[in-house]
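Please keep the sequence and the model open while reading.

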Amino acid sequence: VYKRQPPIKTIPVPPTAFENTPIDYGRTITVRSDKLKFLIYDHEEEDGDTVSINFNGQWIANKYAIRHKHKNKEVFEVSVVPKAENYLFSKAWNLGGIPPNTLTLEIDDGVGRVRVLTINSDLKKSGGVKIVFDPD
């Protein structure tokens, strides 16, 4: 388990690009807790995808080799900013053996259902998700 990042009071507007690579936030989801756990694994088949993952301006994984779900036991813990549009994006460093670079992200807020999302990235576009905390 990775150490939880310190709470952030305010966050910048979600970036639209990183290193001249546009970020496509394919979805916005709502969570019911300000503490989240992320489990990240390769979508369908482990094929050598490597990513860096940014949450609210902080890198929580750097050049991380995405593994198959049954091989990956690493959980990333983060704190979300209430009543704000939090964001996560994935920077692809390669395309693996089966393009595009795909990762599955399980988001567990501990009080609701676990969300499972697939984020696609390639060398010309980063994939992401916006996360809103609403306890109701």
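Which residues does Phe 38 touch, not counting residues up to four places away in sequence? Taking contact to mean heavy atoms within 4.5 Å, Phe 38 touches Phe 55, Ile 60, Glu 74, Val 75, Phe 76, Val 78, Leu 88, Leu 105, Glu 106, Ile 107 and Ile 131. The model is predicted, and local features need pLDDT of at least 70, side-chain atom pairs count only at pLDDT 80 or more, and totals for chains, interfaces and linings use all residues. Residues are numbered from 1 along each chain as its sequence is written, and side-chain values use heavy atoms, with hydrogens and water left out.

- Strand β6 is mostly covered, as five of its five residues are buried, where buried means under 20% relative accessible area, exposed means over 50% and partly exposed lies in between (1.4 Å probe, protein chains only).
- Within β6, Val 75, Glu 77 and Ser 79 point one way while Phe 76 and Val 78 point the other way, and all are buried.
- Strands β3 and β6 pair in the antiparallel sense over five bridges, a pairing that requires DSSP to find at least two bridges between the strands, and Lys 35 stands opposite Ser 79 in β6.

**Salt bridges**

- Side chains of opposite charge can pair when their charged atoms come close.
- A search of the whole structure finds six salt bridges, each defined as a side-chain nitrogen of Lys or Arg within 4 Å of a carboxyl oxygen of Asp or Glu.
- One of them joins Glu 46 to Arg 67, with the closest N and O atoms 3.5 Å apart. Because Glu 46 lies in the loop between β3 (35-42) and β4 (50-55) and Arg 67 in the loop between β5 (58-65) and β6 (75-79), the pair ties together parts that are 21 residues apart in sequence.
- Glu 46 is partly exposed, with a relative accessible area of 31%, and Arg 67 also counts as partly exposed, at 35% relative accessibility. A network of salt bridges links Glu 46, Arg 67 and Lys 71.
- Lys 69 forms a salt bridge with Glu 106, the closest N and O atoms being 3.1 Å apart. This pair links distant parts of the chain, with Lys 69 in the loop between β5 and β6 and Glu 106 in strand β8 (residues 101-108), 37 residues apart.
- Lys 69 counts as partly exposed at 33% relative accessibility, whereas Glu 106 counts as buried at 15%.
- Glu 85 and Lys 130 form a salt bridge in which the closest N and O atoms are 3.7 Å apart. Here too distant parts of the chain are linked, with Glu 85 in strand β7 (residues 85-92) and Lys 130 in strand β10 (residues 126-133), 45 residues apart.

**Aromatic rings**

- Seven aromatic pairs are found in a search of the whole structure; rings of Phe, Tyr and Trp (its six-membered ring) pair if their centres lie within 6.5 Å, and planes under 30 degrees apart count as stacked, over 60 as edge-to-face and the rest as tilted.
- The rings of Phe 18 and Trp 59 have their centres 5.1 Å apart and their planes at 65°, so this pair is edge-to-face. Since Phe 18 lies in strand β1 (residues 17-18) and Trp 59 in strand β5, the pair ties together parts that are 41 residues apart in sequence.
- Phe 18 counts as partly exposed at 21% relative accessibility, and Trp 59 is partly exposed with a relative accessible area of 38%.
- The rings of Tyr 87 and Phe 89 have their centres 6.4 Å apart and their planes at 10°, so this pair is stacked. Tyr 87 counts as buried at 3% relative accessibility, and Phe 89 counts as buried at 2%.
- Ring pairs link Phe 18, Tyr 25, Trp 59, Tyr 87 and Phe 89 into a cluster.

Methods
Helix = DSSP H or I, 4+ residues; strand = E, 2+ residues; numbered from the N terminus.
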